[in-house]
Amino acid sequence: MLVIPALVLVSACSSAGAGSSADARPAPSQDRNLILLDELQRTSASNLFDAIRILRPQWLRQSPTIIRQGGEGTLLVYLDGIQFGDPSSLRQISLLVVQEARFLSASEAQGRYGTQDLHGVIAVTTRHR
């Protein structure tokens, strides 16, 4: 008689344990095209270029566009909505001022910023004081 209730209790505990261990794991990044402040703060980087190189290195790899295979140009950086430079300009941006960095594909960038953005954009939003 005691075997069945004990079996039910063990089964219920193992189900609860499995659910709680899944909850204990860190949540995977929901958006691979976004880096938020808390993720930046967990890096040892001092500037945004190094942080992106650590967290999302694929953002810095240039891929050819369908519009202009091997065409001139590069990924552009926008700081608070204003064109700031190429990827090397990210070295000038301290992590202390960054709220978020977002990668926009070429088509997303063209829709938001115009036709010059054939290789995509890293859009940086700073913290406003």
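**Overall make-up**

The structure is a predicted model. The chain holds four helices and five strands. From the N terminus on, the elements run α-β-α-α-β-β-β-α-β. Of the 129 residues in the chain, 31% are buried. Contacts across the sequence are also on record here: among those between residues at least 6 apart, 63% join residues at least 24 apart.

**The sheet**

Five strands form an open sheet. Their order is S1-S4-S5-S2-S3, and the pairing is mixed. Strand S1 (34-36) and S3 stand at the edges. Each has a single partner strand, so one side of each is left without a neighbour in the sheet. Neighbouring strands are turned by 25° against each other on average, direction ignored.

The table sets them side by side.

| Strand pair | Residues | Sense | Bridges |
|---|---|---|---|
| S2 and S3 | 76-79 and 82-85 | antiparallel | three |
| S4 and S5 | 98-104 and 121-126 | antiparallel | six |

S2 and S3 form a hairpin with two residues between them. Asp80 sits in the turn and has a positive phi of about 50°. Within this pair, Tyr78 has Gln83 in S3 as its bridge partner.

In the other pair, Phe103 stands opposite Ile122 in S5. Helix H4 (residues 106-113) packs on the sheet and touches S2, S4 and S5. The direction of H4 makes about 115° with that of S4.

**Leu104, at the end of S4**

Leu104 lies in strand S4. Is Leu104 buried or exposed? Leu104 is buried, with a relative accessible area of 6%. Leaving aside neighbours within four places in sequence, Leu104 is in contact with Ala109, Arg112, Tyr113, Gly120, Val121 and Ala123. One of these, Gly120, is 16 residues away from Leu104 in sequence. In space the two are 5.5 Å apart, C-alpha to C-alpha.

**Helix H3**

Helix H3 spans residues 48-55. Leu48, Phe49, Ala51 and Ile52 are buried in H3. Seen down the helix axis, the buried residues fall within an arc of 165°, so they line one face of H3. That face has several partners: the buried residues pack against S1, helix H2 (37-41), S4 and S5.

A side-chain oxygen of Asn47 reaches to within 3.1 Å of the backbone nitrogen of Phe49.

The side chains of Asp50 and Arg53 meet at 3.1 Å, N to O. An α-helix has 3.6 residues a turn, so residues three or four places apart point the same way. Arg53 is partly exposed, at 46% relative accessibility.

**Salt bridges and Arg56**

The count of salt bridges comes to four. Arg56 takes part in one of them: its side chain meets that of Glu39 at 2.8 Å, N to O. What does this pair tie together? Arg56 lies in the loop between H3 and S2, and Glu39 lies in helix H2, so the pair ties together parts that are 17 residues apart in sequence.

Both partners are buried by the 20% cut-off. Arg56 has 5% relative accessibility. Glu39 has a relative accessible area of 16%.

**A salt-bridge network**

Asp31, Glu100 and Arg102 are linked in a network of salt bridges. Arg102 is partly exposed, with a relative accessible area of 25%.

Methods
Residues numbered from 1 in each chain as written. Predicted model: local features only at pLDDT ≥ 70, side-chain atom pairs only at ≥ 80, totals over all residues. Heavy atoms only, no water. Pairing = 2+ DSSP bridges. Axes fitted to C-alpha atoms, helices over the stretch in contact; angles between N-to-C directions. Contact = heavy atoms within 4.5 Å. Buried < 20%, exposed > 50% of the residue type's maximum accessible area, 1.4 Å probe, protein only. Arc of directions from axis to C-beta. Polar contact = N/O pair within 3.5 Å; in protein donor to acceptor, adjacent residues only side chain to side chain.
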